[in-house]
Amino acid sequence: MTAPVTAAPGGTGGKLHRTLTFRDLVVYGMLFIAPMAPVGIFGTLDAKSHGAVALVYVVATVAMAFTAFSYAQMVRVAPQAGSVYTYARVGLGEGAGFVAGWMALLDYLLIPAVAYLFSGIALHALVPSVSQWVWTAVAVAVTTALNLAGVRTAAVVGFLVLAMEVAVLVVFVVCAIFALSDRGAQRDWLSPLTGEAGFTTGAVVAAVSVAVLSYLGFDAIAAFAEEAAGGSERVARAVLTCLVVAGVLFVVQTYLAALLAPMSPTELAAKPAAQGSAFYDTVDSATGPWLHDLVAVSKAVGAAFAALAGQAASGRLLFAMARDRRLPGVLSKVDRASGVPRVAVLGAAVVNLLAAVWAARRDDGLDRLVSVVDVGALVAFALLHLSVIGWFAVRRRGRELRPVRHVVVPLLGLAVVIAVIAKASATAQIVGGLWLVAGLGVLGAEALRGDR
């Protein structure tokens, strides 16, 4: 086994507490992903894939498994907070590590903001008398308080919320099976896996490029490597477990929803406005509005706690970069009582609050925010795959190289990531490019200061 890499020499800051169990790690990952993540994009995927929406999630799970496997390789090498920032630093060098961390920040700081906004939208729909931005701010305040209380406290509350989400999903599955046995399916039983008229491989690939975004967040588990009781092996196992569980849940719920959908994929493609509510329309037609409301409440609460997990992960990334003197040192301070990098978490919370409330007060806020959150994570994933190759094939000079797991799998993962980036919106590509240029500027400024 490769000897774990320690923190960078000369680092500053406190020490995190090892209190998280294997269950806690999986809870954080599943909270960030959300068990019913496909609800919002079901209609879009159904239309894009010509009805093969369950197949889309099968392929997406396999595609993301390459990334999960690379995380599992590197968390054993560098079992530290910081996730992909740390892995790129040890696998590719300090400069690449900074770029990976910088790009991951774009994702880790904005995905929680999107989740908070989703929560605010859902709660406003349930209680219209309270403004959407107020609900959004309340969600930020409550989850930030839990994160500051300690990683174990947040994990325990998160487990209860995750149990509620899974319970709602079970209710949906039971009701869907009952409806299918009572009234039959609206489509052919195999169509969610084979597609309907007009099915093409290209359509499935295009839909997969959207579906993989449902999985963003499972990687956050690696950010808690220094707080996991049991070491890096437990973190690696949690990353892979989280991906498999999420994949199974996604395939099951989209398969059942596709069989019950009142609109065909062709009709959804012709009516883009109906795609966003397609899952809820399916629930209404199959069981009635009571389950619609239950799913809506679950999504509202679940989104807030997905943001909790994301905020906690972004706080650890800020902490790790500050400890290595890549960001202001104050972000690396750890509260002695709670073991939480308090300043880093508060810094992430401020960014979450400003972005989410800004978006909540604009009619086009959700579209603008969603359009830019993906590219940062995808570029970081690309550097992760290169880090595996860089560490085992170059830095270790092939001494522990296993060609399949250390070269073939990372290259396949890299190919998937590049394909998804190529399919991203122009806005996302532009914002991601500008953020990358800004990061390179910061890196260049640091290099100039070091030469003086």
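Modeller: A crossing of two helices is called left-handed when the near helix is turned anticlockwise from the far one by less than a right angle. The model discussed here is predicted.

Biologist: Is the crossing in which H3 passes H16 left-handed or right-handed?

Modeller: Two packed helices are described by the angle between their axes and the distance between those axes. H3 and helix H16 (residues 374–395) have axes 9 Å apart and pack at an angle of about 50°, which makes H3 oblique to H16. As for the sense of the crossing, H3 passes H16 in one that is left-handed.

Biologist: Is H7 roughly parallel or roughly antiparallel to H13?

Modeller: The axes of helix H7 (residues 151–183) and helix H13 (residues 289–323) come within 10 Å and cross at roughly 150°. An angle over 145 degrees falls in one class, so H7 and H13 are roughly antiparallel.

Biologist: How many residues are charged in the contact of H7 with H13?

Modeller: The crossing of these helices, H7 and H13, is left-handed. Among the residues making the contact are Glu165 of H7 and Arg316 of H13. The contact divides into 16 nonpolar residues, 3 polar ones and a charged group of 2.

Biologist: How far apart are the end C-alpha atoms of helix H14?

Modeller: Helix H14 (residues 342–360) has 19 residues, and at 1.5 Å a residue they should span 27 Å. The distance between its end C-alpha atoms agrees with that, at 26 Å.

Biologist: Which asparagine is among the buried residues of H14?

Modeller: The buried residues of H14 include Ala344, Val345, Ala348 and Ala349. Val357 and Ala360 are also on that list, and so is the asparagine, Asn352.

Biologist: Is Ala34 buried or exposed?

Modeller: Ala34 is in the loop between helix H1 (22–33) and helix H2 (42–48). Its phi is near 80°, a positive value in a residue other than glycine. Most residues other than glycine have a negative phi. The relative accessibility of Ala34 is 8%, and the cut-off is under 20%, so Ala34 counts as buried.

Biologist: What is the relative accessibility of His50?

Modeller: His50 is in the loop between H2 and helix H3 (53–77). Phi of His50 is also positive, near 60°. His50 counts as partly exposed because its relative accessibility is 28%.

Terms used: Residues numbered from 1 in each chain as written. Predicted model: local features only at pLDDT ≥ 70, side-chain atom pairs only at ≥ 80, totals over all residues. Heavy atoms only, no water. Axes fitted to C-alpha atoms, helices over the stretch in contact; angles between N-to-C directions. Helix = DSSP H or I, 4+ residues; strand = E, 2+ residues; numbered from the N terminus. Parallel < 35°, antiparallel > 145°, perpendicular 65-115°, else oblique. Contact = heavy atoms within 4.5 Å. Nonpolar A, V, L, I, M, F, W, Y, C, P; charged D, E, K, R; others polar. Expected span 1.5 Å × (residues − 1). Buried < 20%, exposed > 50% of the residue type's maximum accessible area, 1.4 Å probe, protein only.
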